[in-house]
Amino acid sequence: MRLEPREHTPLWLIVTAPLAAVAVSLLLTSTLVLWAGEPVTTAYALLFKGAFGSRFALTETLARATPLILTGLAAAVAFRAKFWNIGAEGQLYCGALATTWLGTGMLEAHPAVLIPALFVAGALAGGIALLVPVFLKVRLRVDEVVTTLLLNFVILLLVNYLVEGPWKDPMSLGWPQAAPIIDEGVLPRLVERSRLHLGLVVGVVAALAVWLTLRYTVWGYEIRAVGQNPEAAAFAGIGVGATVLRVALISGGLAGMAGVTEVAGLKGYLTLDLSPGFGYAGIAVAMLAALHPLGVVLSAVFLAGIYVGADSMSRAVNIPNYIADVIVACSVLSVLVSLMLVQFKVRLR
Amino acid sequence: MSVNTSFSADARASRAGAPVLEVRGVSKRFGALLANDDISLTLYPGEVLALLGENGAGKTTLMNILFGHYQADAGSVRVDGQELAAGHTRAALDAGLGMVHQHFTLADNLTVLDNVALGSQPLLSWRSRHREARQRLLSLATEFRLAVDPERLVADLSVGERQRVEILKALFRGARILILDEPTAVLTPQESEHLFRTLRALVQRGLSVVFISHKMHEILSVSDRVAVLRRGRLVGEVDTARTDRNALAELMVGHAVTRPTVSHLEPGKPVIALEGVGVDTGDGATALHDVTLAVREREIVGIAGVAGNGQGTLARLLSGLARPSSGTLLWRGETITRYSPRHFVARGVARIPEDRHAAGIFPEMSVWENLLNEELRRAPLWRAGHIIDRRACREHARRLIEEFDIRCDSMDMAARLLSGGNMQKLLLARVLYRRPDFILANQPVRGLDEGAIAFVHERLLAAKSRGAGVLLMSEDLDEILTLCDRVIVMYHGRASRALEVAKVTARDLGLMMSGDLDHVPGAVPA
């Protein structure tokens, strides 16, 4: 067997390859379902029903997808420039910190003012969290994978200190959590009696904005150029350091906004378990979408559906909800393989 | 095939003894590309066989098959009449094949002796064979007059010395067939002469040499026979004594080569000038010291020199990527104060980078997007300086693709899929269409085939007659001597005065390249 690069990739292949990859991953994980002793079709039907099968399921899935869209975009835009931001989790918490700081009474204003202000503050906080890694990378060539990853733990410890100490809500009956966001700052619900909130709209608009930026603006050209060949970019007169900084601010800002949606939209207050790893899952979302901003929306909904559906399935049949992690991991791997197959032809000899 | 000089029977009959290496009907296909098409070659003891061909003619593929890096689809290789096991590098080494690569495969942090002995001794052994190895190395070095100090670190050696170590390494392992891949690319003419003497000494002792090159004059001076490859096929095999430069060039390219006509024009005012310029480099690149030179309108000035003597730093300076630490840079008599690629491009500098892949293209971006890299924020391609006008950009690209004859299936194709020649045309198109006043051409024809070379040279000459000044950096003295009006030699970050090309020879330049920058053309060195 050998691989040959393709001169042209037909459009149908680009579209169907990731779908086929997802199908393959479901096929692979079905062996685990069988191993658990449950019928595959029933299990997957339950999973699908739990994710998309009812109004409640659908709103839950979309609510879960909201932060994943934003962290997925954060990873996608950074990875396009080959800036390996693994710190979306920390930046998400920075956004959450800013929301809590501003939204628990610091600024009392009409929702039309307060809610945009929360998003701006959250985005700024997420972006600022990346300033040190960018400085270290551009000036001292320190690997950003290490700095952004380790900064996650620093930020989590800071959150831990704040919710256990100075920011601890006296009304919380001793639970380590901060004071709730004031009513004017809570994101409005999109659907009555559901947890689906305005954050989804913000996420989809952000995806559109990132897509338009990458495709139609000088910044987008520069981001792609720096990602593909920094030496050629510098030779052409593109400021490589400035572009990396710009990408970092956009990426950190998007992740920070995920913190805003979770605190002001879903939970209402800051806790240490605000995010079950949305920052890291964002990387999987971006990979599944082949770093395409609009694809990120679809893959975030897919991932959220798997998690929500697996929860629901595990309550009905004897399969632990960890199956969701296996499905997601399998999907990422098979999508990576499918992307290679999009670029190369396989020939058997 | 119109070649009738090939496979002359008497050329073979004149060889003494049984062949040491026989390649029989070797074919190798990569996808649609037939890299080697039924190639048969024979190498006799005591001869230098030159393998001539353009880039992509299949020379490297054939050598990789010999060394077991690739397996041939068909055909066989025999050494001393014994079939060589396909796909095993070890078998090739054991059979007595030795390779000297264009890019050396030495460990910088080890001594000469360790490099030579590396891999030729058992991994686990009770006693070190250091002393034996040293003895053997020294006797080989004396026998073939390849003077090296076994205890020196490879990192401290010059390029010529490193090549000697590579040859010694092959001999140490008992090689009797030595294959050299473009061995003179990094050498001065004098170092090349030394290498050729070594090769003659080797074949006099019954060894055989395969010499891969595309430089005609070297092949004519060092080889006994020439085998010419074109597009994967062996198109000719001739005795060196019975051929000449033009015949070989025609065999290699497949048609008579027309060289662009060079006419001397009256140069105008200086476009760009360096006055006592020094450049400090922090990253280990050669610094420039007190460089003074000028490029005038309607002339091509060549920069000759062994690679790594400051040409790269000079190119960075003239591209706007480095700034002088002393001295001044003048643009049409006016001091340049702002150093950035954007300012240089805006003034009218066209820059052709040394390495197309590394500094020239964004591989996954389309051809049309790659034509925009110096146009960012410029109206009318960008609206309000930020939003792309895709229609205008594609129209712009369509015009350039047509004018510069860039062959691509579509302008949406990824730039990495372009062939070397077309990639270079893309690089030329995006800087030359603006009719620049000054062109910095750094190794503009490296790795191109004859057709593309002629295209690049014609464009540079056309720019010159239009009134532009051109600075041509090249490692190929032939290119400089045929194309340039004046030539400057660089050595250790210093530049010689500019000499009229009509009054210098390759020999003069060679002496200057090895350090005698004040050499007077024609003078015999003391």
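Author: A residue is buried if 20 or more other C-beta atoms lie within 10 Å of its own, and exposed if 12 or fewer do. The model discussed here is predicted.

Reader: Which helices of chain A each supply at least two residues of the side that touches chain B?

Author: The contact between the chains takes 16 residues from chain A and 26 residues from chain B. By class, the chain A side has eight nonpolar, four polar and four charged residues. The helices that each supply at least two residues of this side are α9 (218-228) and α10 (230-236).

Reader: How are α3(A) and α11(A) oriented, parallel or antiparallel?

Author: The axes of the two helices come within 7 Å and cross at roughly 170°. Angles over 145 degrees count as roughly antiparallel. Therefore α3(A) is, relative to α11(A), roughly antiparallel.

Reader: How many nonpolar residues does the contact of α3(A) with α11(A) have?

Author: From α3(A), the residues in contact include A63(A), P67(A), L70(A) and V77(A). From α11(A), they include V247(A), I250(A), L254(A) and M257(A). By class, the contact has four polar residues and one charged residue, and the number of nonpolar ones is 14.

Reader: Which residue of β15(B) is the bridge partner of L330(B)?

Author: Strand β14 (residues 326-331) of chain B runs antiparallel to β15(B), and two bridges join them. In β15(B), the partner of L330(B) is T335(B).

Reader: How far apart are the C-alpha centres of domain 1 and domain 3 of chain B?

Author: In the domain assignment, domain 1 of chain B covers 1-96 + 176-256, and domain 3 covers 258-361 + 435-526. Their contact takes nine residues from domain 1 and 13 residues from domain 3. The domain 1 side has five nonpolar, three polar and one charged residues. The distance between the C-alpha centres is 34 Å.

Reader: Is R298(B) buried or exposed?

Author: R298(B) lies in the loop between β12 and β13 (299-304) of chain B. Its phi is near 60°, a positive value in a residue other than glycine. Most residues other than glycine have a negative phi. R298(B) has 20 C-beta neighbours inside 10 Å, so this residue counts as buried.

Reader: Is A384(B) buried or exposed?

Author: A384(B) is found in the loop between β17 (382-383) and β18 (387-388) of chain B. Phi of A384(B) is also positive, near 55°. Inside 10 Å, A384(B) has 7 C-beta neighbours, so this residue counts as exposed.

Terms used. Residues are numbered from 1 along each chain as its sequence is written. Chains are lettered from A and ligands numbered from 1 in the order in which they are written. This is a predicted model: local features need pLDDT of at least 70, side-chain atom pairs count only at pLDDT 80 or more; totals for chains, interfaces and linings use all residues. Two residues are in contact if their C-beta atoms, placed from the backbone, lie within 7 Å. Helices (H or I, at least four residues) and strands (E, at least two) are DSSP runs, numbered from the N terminus. Ala, Val, Leu, Ile, Met, Phe, Trp, Tyr, Cys and Pro count as nonpolar, Asp, Glu, Lys and Arg as charged, and the others, Gly among them, as polar. Axes are lines fitted to C-alpha atoms, for helices over the stretch in contact, and angles run from 0 to 180 degrees between N-to-C directions. Angles under 35 degrees count as roughly parallel, over 145 as roughly antiparallel, 65 to 115 as roughly perpendicular and the rest as oblique. Two strands pair if DSSP finds at least two bridges between them. Domain bounds come from an automatic or database domain assignment.
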